Amino acid sequence: MINKNDLLTIKQAADLIDREPDNISYLIQYGRINKYDIKGNPIKSRNGGISKIKISKSELLDYVIKRDTGIEKERQEKLGEYNKDLAFDGLPEKIRTKHVHRLHQYKGKFIPQLVEYFLVRNFQEGDIILDPFAGSGTTLVQANEMGIRSVGIDITPFNCMISEVKTRKYNIDPLKEELKDISSKTKNFSKKFADYEKEIKVLISQFNREKLPELEKRIDKEKMKTFANEIEKEFKEWIKEKGFDNQSESNDKQLKITNSPYLQKWFSKRSLKELIYYRDHIQDYQNQDIMKIILTRAARSSRLVPHFDLASPKEPIRDAYFCFKHKIICYPIQKAIGKLDLYTRDTIKRIETFDKLRKDVFTKVLPHDDSRYIKMEDYLDEDILKEKFNGIFTSPPYVGNIDYHDQHIYAYELLDVPRFDKKEIGPLSNGKTKKAQQQYIDDISQVLKNLKKYMKKDAKIFFVANDRQNLYRDITKQANMTIVKEYKRPVSNRTERDKQFYSETIFEMRYI
C-alpha cells in the first residue's frame, strides 16, 4: 500500500513533470508506472474511472530520473557528441505541436522550437526569409509569430494548401459559424446509420474485463506477435459462442460510393459515406480550404488501421485485433463523424490561439512550383525582389526515405488533388543507390544555385538534413557555397513502434 501523501491524480502527475495527462496514461498503459486507488492499493483491473486512478509521486519521479539518464547514455553511445540544446526533450507534446502546427499530420516535419532556435539567433523582425521546401509550413508560421516576413515554396499542391491554411488571417466568427454548420449537417446525415459498433464494443469490453487478465499470464514479451494471434483467435471463438455475427459494414466488398479502389479498401462503408457527404458540401461555403484540411485529417484517423500503426499501415484491418498499444482487444473505427466533430472543434481552437499570437507581416505561400527552376518574378512584387531575402531555413526531402505523396494518399483520393511524384527530389521509388545519391546532389545544388540571385550577399542558409550518405559536402561544392557550421541534433522517433534514435544535422551555409 502506498502512503496517501504520495498519491497524485493523473492531472497532478502530468503537471509535476510538465507533460499532458495523455502522457501519464501512456506510462500506465505500457506498465512504466503503477496505478492505485484513493487508499493507495494497487489497481489490477483495466476498468474504472480515470478520476479515481492515483499515481505514486515517488515512483513517477524515480521513473523519470532513470528514463532521462538512460536516454542520455543510450544517445551518446549511438550518436556520439551532439548539441543538447536541440534535443527539446523537456517539452510536452502540447508545446511541440502548439496552435496551428497540429492542424494536420505531416510526416517528416520539424518541430517549431527548432525553427525558433535558429530564427531568434540569426534573424530579426522585419527580415524576410525563404523556405524552398515548405512542406506543412512550420517555418512560415514561426517566422510570422516572430515578426519575420516569409515566403514558402513546395512542389506539392496539397502541401501548399496545408501551409496556406495555417498562415492565413481569418475572420474568426464567420469561420466558426461555417465550420460548425457543415459539421452539424454531417452529424444529422450520420444519424441515418445503425450504430454497428455498439454491440461489438460491449462484447470487447466484457472480454477485456473478464478474460484478458487471465490470458495475460501467458504473455511472453519475446513472442508478443504469437500471443496477439492467440488472443485474437480466442476472442473470435468467444463472440461466436455468444451468438454474435462478426461481419461489419466494412466487409462489404461491393461498396460503390466511390470509384476509388483505395477508399473502398481503407474505409468502412459508414465512414466513407460521412466523409463524402462532408466533401460534397464544402462547395457551399467560403472557407473551403480549411474544411478540406479538417476532412483529410479526419480521414487519416478514420482508416481501417490498428491504433499502433497510424503512420505507415501496410494493409487495412477489418476485424477485432489484439492492440500492441493498449494491450487489449480493440476494433477498427467504423465511423468518421466523431473525428470530423473533434477536429472541427480542435481547428477552431488552434486558429483562435494563433490569431492572438500572429503578427501583421508579409507571409506568402506561392502556388506549387519547383524550387530548382522557379522564377520568383512570376509571383512576387518588385519591392520584395529588389530587397532580396535575408536567408533560408528549410528541411529538404532526404534520399529515398519518404514517399511524400503516398503518405497523404487518402487526401489525394478524396479531393482529387493532382500529383507530382516524378518531380520530387530524392523520391522513395529511386531508392538510395549511388545513382540516386548523385541525382540528389545535382537537384539540391540546383535549388541553391537557382535561389542565389534572390539572396542578399550575406544571406544565412540553414538546411536541416539527415545526411547519412555525407552528400552535403558535394552539394555545397557544386553550388559554390561553403559550410560555416554544423549542428548535430538527436531525434527520437515518436510516431512509430520503433523508437530508435537517429540524428539530424543543421547545416549553416553561405554563398561564396
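In which helix is D443 found? D443 is found in helix α18, residues 434-451; helices are DSSP runs of H or I with at least four residues, strands are runs of E with at least two, and both are numbered from the N terminus. The model is predicted: local features need pLDDT of at least 70, side-chain atom pairs count only at pLDDT 80 or more, and totals for chains, interfaces and linings use all residues. Residues are numbered from 1 along each chain as its sequence is written, and side-chain values use heavy atoms, with hydrogens and water left out.

D443 is buried, at a relative accessible area of 9%. Buried means under 20% relative accessible area, exposed over 50%, and partly exposed in between, for a 1.4 Å probe and protein chains only. Residues up to four places away in sequence aside, D443 touches R372 and I425. Contact means heavy atoms within 4.5 Å.

The mean pLDDT of the protein is 86. This score is the predictor's confidence in each residue, from 0 to 100. A value of 70 or more is reached by 88% of the residues. Residues 247-256 have pLDDT below 50. Beyond near neighbours in sequence, this stretch has 20 contacts in the model. Where pLDDT is low, the predicted coordinates should not be read in detail.

Helix α2 spans residues 21-29, and I24, L27 and I28 are buried there. These residues lie on the same side of α2, because they cover an arc of only 100 degrees around the axis. The arc is that of the directions from the helix axis to the C-beta atoms. Just after α2, G31 has a positive phi of about 70 degrees.

Helices α7 (residues 157-167) and α14 (residues 288-301) have axes that come within 9 Å and cross at roughly 115 degrees. Axes are lines fitted to C-alpha atoms, for helices over the stretch in contact, and angles run from 0 to 180 degrees between N-to-C directions. The two helices are therefore roughly perpendicular; this class covers 65 to 115 degrees, with under 35 roughly parallel, over 145 roughly antiparallel and the rest oblique. From α7, the contact involves F158, M161, I162 and V165. From α14, it involves D289, I290, K292, I293 and T296.

Positive phi also occurs in K388, a residue other than glycine, at near 75 degrees. K388 lies in the loop between α16 (382-387) and β8 (389-394). K388 is partly exposed, at 32% relative accessibility. N480, likewise not glycine, has a positive phi near 60 degrees. The loop between α19 (472-478) and β10 (481-492) holds N480. At 39% relative accessibility, N480 is partly exposed.
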